[in-house]
Amino acid sequence: MNLNSIAAKYADESLAREFFEKQRWPNGTVCPHCGLVGESYRLKAKPNSVSPVRAGVWKCKGCRKQFTVTKGTIFEDSHIPLNTWLMAIHLICASKKGMSAHQLHRMLGVTYKSAWFMVHRLRYAVAHGSLAKKLKNIVEMDETYIGGKRKIPKGLRKPDDGSPRPDYPAPTADKSAVLSMVERRGEVRSHHVQRVNSANLKPIIQSRVSSTARIMTDTGTVLHGAIHPRKHDQVNHSKEEYGRYERGVCITTNTVEGYFSILKRGIIGTYHHVGSQHLHRYLSEFDFRYNTRKISDGERSCRLISKVGGKRLKYRQLVPKREAF
């Protein structure tokens with residue numbers, strides 16, 4: 001599946017709906033109300049009937065309730081055609097550093113508000129659940145900070161003689177902290193944390209990393225308390241040490257640093273600004289593309305479609321009424 005094949009094969013919404021049905025129900029239709037598999041039939045208008053039947057409606061033989069392929073998914077109640085959704089999914093999955101809502105708005109011919117809501121629902125669909133498998137073997141960890149370069153008022157700038165000022169803001173002030181954990185030759189888990197300290201990081205590490213994993217970090221002291229009692233190795237970047245070998249094992253954090261390079265290039269070059277309240281969904285998007293980096297763009301798109309079930313994100317959850325879009 002690529003952009004040309006999507007435009008040629010799924011130009012009609014009914015064809016796109018059939019594609020979604022095959023992806024979501026490979027073993028037969030599944031009723032979202034009672035869970036009955038393969039016991040549903042497609043509703044069709046009777047001959048000479050004046051009552052129309054909406055396209056794509058199924059009826060369960062068990063509970064007798066009606067449903068469509070979008071029921072109980074991020075597509076539910078969406079007025080955007082499914083072939084447009086399919087195009088958006090492929091563009092998001094095929095763009096290594098992401099694609100902005102403004103770009104989708106121009107390319108797909110939908111409003112910016114609709115494009116913005118679409119991409120947030122797709123990010124929500126690929127978020128790591130609580131049942132996601134834990135990272136094991138060698139796991140590299142590091143934290144980074146997301147946010148533009150801070151403009152310091154002239155009166156707060158450091159004196160020329162280099163003497164300290166207690167009111168001078170820290171380099172990470174007003175920036176969002178991100179903790180990423182990468183299993184070497186495996187997957188990544190990223191989390192937006194309010195503050196980088198042992199109390200905040202320990203529950204995340206306990207839930208995401210196996211107790212038998214071997215952890216590798218830089219010489220930051222914050223992570224050490226959260227990692228215990230796992231085996232822990234460090235590299236000293238302040239002494240220009242970026243990798244060394246011990247008994248045939250490379251002690252380095254270059255893998256997680258490589259992930260950060262993709263994340264920051266995407267935020268700086270594509271999105272330019274990310275609200276802290278939405279940062280966790282952007283991290284889910286970059287994690288998903290990184291974790292599926294070894295498969296094709298078409299397979300990645302199908303993988304995303306397989307994750308849309310059982311998830312619903314409403315617009316009012318993203319933008320409260322008191323806020324203007």
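Analyst: Gladly! Let's start with M87, which is found in helix α3. Two ground rules first: this is a predicted model, in which local features need pLDDT of at least 70 and side-chain atom pairs count only at pLDDT 80 or more, while totals for chains, interfaces and linings use all residues. Residues are numbered from 1 along each chain as its sequence is written, and side-chain values use heavy atoms, with hydrogens and water left out.

User: Why is R123 called buried?

Analyst: Buried means under 20% relative accessible area, exposed means over 50%, and partly exposed is in between (1.4 Å probe, protein chains only). R123 has a relative accessible area of 4%, so R123 is buried. This residue lies in helix α5. Beyond its neighbours within four places in sequence, R123 is in contact with M99, Y271, R281, Y282, S284 and E285.

User: R123 also lines the largest cavity. What makes that space a cavity, and what makes another one a pocket?

Analyst: Both come from a 1 Å grid over the protein atoms alone: a cavity is a set of points where a 1.4 Å probe fits but cannot get out, whereas a pocket is an open set with protein on both sides within 12 Å along at least five of seven lines. Lining residues have an atom within 4 Å of a point. Points are joined across faces, edges and corners, and the volume is the space filled by probe spheres set on them. There is one cavity of 30 Å³ or more, and the largest cavity holds about 40 Å³. Its lining consists of I92, C93, L122, R123, V126, E285, F288, R289 and L304. α3, α5 (112-125) and α9 (279-291) each give two or more residues to that lining, and the largest share, three residues, comes from α9.

User: How many of those cavity-lining residues are nonpolar, polar or charged?

Analyst: Six are nonpolar, none polar and three charged. Here Ala, Val, Leu, Ile, Met, Phe, Trp, Tyr, Cys and Pro count as nonpolar, Asp, Glu, Lys and Arg as charged, and the others, Gly among them, as polar. The largest pocket has about 410 Å³ of space. Of its 20 lining residues, R54, T68, T70, D77 and S78 are the closest to the centre. The pocket lining divides into nine nonpolar, five polar and six charged.

User: What makes a set of residues a nonpolar core?

Analyst: The members are buried Ala, Val, Leu, Ile, Met, Phe, Trp, Tyr and Cys residues joined through side-chain atoms within 4.5 Å. The largest core has 43 residues, of which F20, F75, I89, L104 and L304 touch the most other members. α3 gives the most, with nine residues. A second, separate core of 17 residues includes V139, M141, L179 and M181. In soluble globular proteins, nonpolar side chains tend to be buried together.

User: How do you know that β5 is mostly covered?

Analyst: Eight of the eight residues in β5 (176-183) are buried. S176, V178, S180 and V182 make up one face, and A177, L179, M181 and E183 the other.

User: And why are β4 and β5 called paired?

Analyst: Two strands pair if DSSP finds at least two bridges between them; β4 and β5 have eight, so they qualify. They run antiparallel, with I146 opposite S176. β5 and β6 (188-193) pair in the antiparallel sense over six bridges, and S180 stands opposite S190. Their hairpin has four residues between the strands, and R185 takes a positive phi near 60° there.

Methods: Contact = heavy atoms within 4.5 Å.
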